[in-house]
Amino acid sequence: MMKSLNLQQFFQATNPAKTLFVDNIEQDQKYYIDFSSVRGGQIIDELKDNIALWSPDEATCQLFTGHIGCGKSTELLRLKEQLEAEDFHVVYFESSQDLEMGDVDVGDILLAIACRITKSLDRLQLDKSKKMQSLLQGAAKLLQTEVEISGEWITPVGKISASTNGQVSLDMGIAQISAKAKASPESRSKLRDYLEPRTNSILEAINSELIEPAIAKLKQHGKRGLVVIVDSLDKLHNSRKQGQSPQHEYLFVQRGEQLRSLHCHLIYTMPLGLRFSNHFATLTQRFINEPKVLPMVPVTKRNRTECVEGMSLLKEMILARAFPNLDRAERIDKIPEIFDSKETLDRLCKISGGHVRNILRLLNDSLKKQRGLPISRNTLESVMQGYRNGLVLAVDDREWVLLRQVAQHQKVSGDDGYETLIRSLFVYEYCDDQGPWFEVNPLLAEAKELQA
């Protein structure tokens, strides 16, 4: 007789903060559901083909975007795995770990990329990077940080030995300077004043002394090239630089040419709101190609009838977290172990609007509130109402007007107000063979303010 569902394991499997393919790839493969059939195409395959099929020996730069929490990181980690299977060396990192997302400049991103590449390739025995060493020593002196970029480097708490080729020390030096800048606005300002006039020198140093030698060595080891995936830049705060555009426009539009100037394959995530900026055409000119968008999983079609396939895949995602070792037919029979009725499961999927992280958040919080299984409809409705109340408090009068227009026409424009609706997850984007369309977040769609 098969054991009953383990509540604690199910709770951990539905953790909305967990990105698949980070810790336990074998287990995560059982959790992963491919939504590409209802998301408008094989987006990750397109990103991969642009590198591995069409331009393996020529540097490329691609942008990838979508709503926060829609599954971009999971898809990028799958892309990493696929590119590695095609014999590329892939450096993936979440930029939010290295950068202060409320205050980012091009130099910060370039240093973070250099640091991650250096750390990833420390075994290749690359020659010392003299230009980078000089630049970092100047920055360290400016920040009054004791750093030596070769041999060994010294911190206020002692010595840390380095490899004889200096590459580990270079990585450590960048990391130490970046950490100090991230922790202190004053240090960030000083570092920026130092790096900004030297941006082209930094690019030249990274290309000539790090990336190009690294690619040559990688090819000697049977690799086809170097790919850098910079995740989490879609989480940039919408703050304004002094006397400048909003941060995301400044980085991707005004400084986009420098972001794409590294001599390796690059993939950046970018804020979805940029697609609705008046400067979007300029952005596509900077990066040559339009950004690839990962839309929501549709729970209804454009004509607002139920999307049977989308709903089925969302249910499959939930059931796979509960019963990863069962096949699809067996999982369906297990629904009563999780929910008091199939209608409760349907309700969860529909109210999520196909937002992958939110469906897990609603489920996870329902488990905590119920403190057991199966989850009742009353418990789910109570959790939903709490989420709805929080969303309603954040909507101002003008945004209610815009939300009513979206509800009526399923469209958004380049108006700044619509960009806010997208960024705040008040409006979701979907895609079918006719292109994109938009719907109000179902939680908000049921608010009395919108119904009125």
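Two strands count as paired when DSSP finds at least two bridges between them. With that in hand, here are some close-up views of this predicted model.

**View 1. The S8–S9 hairpin.** Strands S8 and S9 make a hairpin, and two residues lie between them. S8 covers residues 427-432 and runs antiparallel to S9, with six bridges joining the two. Look for Tyr-428, which has Glu-439 of S9 opposite it. How many of the six residues of S9 are buried? Five are, so this strand, residues 435-440, is largely enclosed by the rest of the structure.

**View 2. The open five-stranded sheet.** Here the strands follow the order S2-S5-S6-S1-S7, and their pairing is parallel. Which strands sit at the edges? They are S2 (88-94) and S7 (292-294), each of which pairs on one side only. From one strand to the next, the twist averages 20 degrees. Zooming in on one pair, S2 and S5 (residues 225-231) run parallel and are joined by seven bridges. Within this pair, Val-90 stands opposite Val-227 in S5.

**View 3. Phe-252 and the nonpolar cores.** The largest nonpolar core has 60 residues, and those with the most contacts inside it are Val-228, Phe-252 and Tyr-268. Leaving aside residues up to four places away in sequence, the residues that Phe-252 touches include Leu-63, Leu-233, Leu-236 and Leu-259. Tyr-268, Met-270, Pro-271 and Phe-287 are also among them, as is Arg-286. As general background, nonpolar side chains in soluble globular proteins tend to be buried together.

View 4. Arg-388 belongs to helix H18, which spans residues 377-394. Is Arg-388 buried or exposed? Arg-388 has a relative accessible area of 7%, so this residue is buried, given that the cut-off for buried is under 20%. Not counting residues up to four places away in sequence, Arg-388 touches Arg-347, Ile-351, Leu-443, Glu-446 and Ala-447.

How values were computed:
Residues numbered from 1 in each chain as written. Predicted model: local features only at pLDDT ≥ 70, side-chain atom pairs only at ≥ 80, totals over all residues. Heavy atoms only, no water. Buried < 20%, exposed > 50% of the residue type's maximum accessible area, 1.4 Å probe, protein only. Helix = DSSP H or I, 4+ residues; strand = E, 2+ residues; numbered from the N terminus. Contact = heavy atoms within 4.5 Å. Core = buried A, V, L, I, M, F, W, Y, C linked by side-chain atoms within 4.5 Å. Axes fitted to C-alpha atoms, helices over the stretch in contact; angles between N-to-C directions.
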